[in-house]
Amino acid sequence: MSKCTQCIIKRFNSLHKLNHDELENFSEHKTSLIIKKGENLMTEGHTINGLYCIKDGKCKLTKLNTNGKEQIIKFVKGGDILGHRSILSDEPVGLNVTALEDMHVCFIPKGDILDMIRQNSQFSLSLMKNISHQLNEANTSISQMAQKPVKDRLAETLLHLENIFGTDKEGYIDVILTREEIANTIGTATESAIRLLSNLKKDQVIDLSGKKIKITNKNALNNISEGY
């Protein structure tokens, strides 16, 4: 098992605020997990006893609506951490976290995290900033879902996905989502998402290859996302 002191992932999250000895302590107590595609890392309503650091892989954060339909709230990739909000609030998990591909995850026990929060003010502040940023993202998402037309939301989502995951060697957004998952991200029916994607391809704004999506005219997509 790799040591936290040697892991390059820590520079992308709050763990970079810990010194060598603090990271060594985490290494002694952490557990390394493999989460297979389609499996849940966290389940809504369940209690967790630690923090998850995503070493590699991609996942979606979802919530079930009252009608049982899945709403995708956020996408997460390697370098992100999960579970710290539940640790600090001492509340059950508020979202489902499901692997979009096989993931390598490190689990750090809750006791170690709480001890470090008490001992290291920079680590504590970094966690608070992370949670505040997530709250701001959630507020923005709620506002956009309420005010923007579906086509604008789709354009913004595609730009957001490319920003998070980057592109593969052929220029396609480096994450594979079903049309239903795209629909569940923008809050519409799957049929509507399929139609809108086809229209964007016809207008030469994007290109499609199976489930893969390439942005071919970013300026046009930006304009659509802004309602022009």
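A residue is called buried here when its relative accessible area is under 20%, exposed when that area is over 50%, and partly exposed in between, with a 1.4 Å probe and protein chains only. Helices (H or I, at least four residues) and strands (E, at least two) are DSSP runs, numbered from the N terminus.

This is a predicted model, in which local features need pLDDT of at least 70 and side-chain atom pairs count only at pLDDT 80 or more, while totals for chains, interfaces and linings use all residues. Residues are numbered from 1 along each chain as its sequence is written, and side-chain values use heavy atoms, with hydrogens and water left out.

**The whole chain**

Along the principal axes, the C-alpha atoms fill a box of roughly 55 × 40 × 30 Å, and buried residues make up 43% of the 228 residues.

**Helix 6**

Next, select residues 179-186, which form helix 6; because 7 of its 8 residues are buried, this helix is largely enclosed by the rest of the structure. The buried residues are Arg179, Glu181, Ile182, Ala183, Asn184, Thr185 and Ile186.

**His104 in strand 8**

Now move to residues 103-109, which make up strand 8, and pick out His104 within that strand. His104 counts as buried because its relative accessibility is 18%. Show its side chain together with that of Ser32, since a polar contact of 2.7 Å joins the two; such a contact is a pair of N or O atoms within 3.5 Å, where, within protein, one must be able to donate a hydrogen and the other to accept it, and residues adjacent in sequence count only if both atoms are side-chain atoms.

**Lys214 in strand 10**

Finish at strand 10, residues 212-215, and select Lys214. The side chain of Lys214 reaches the backbone oxygen of Glu170 at 3.1 Å. To see how the chain returns to this place, display Asp168 as well: Lys214 and Asp168 are 46 residues apart along the chain, and their C-alpha atoms are separated by 9.5 Å.
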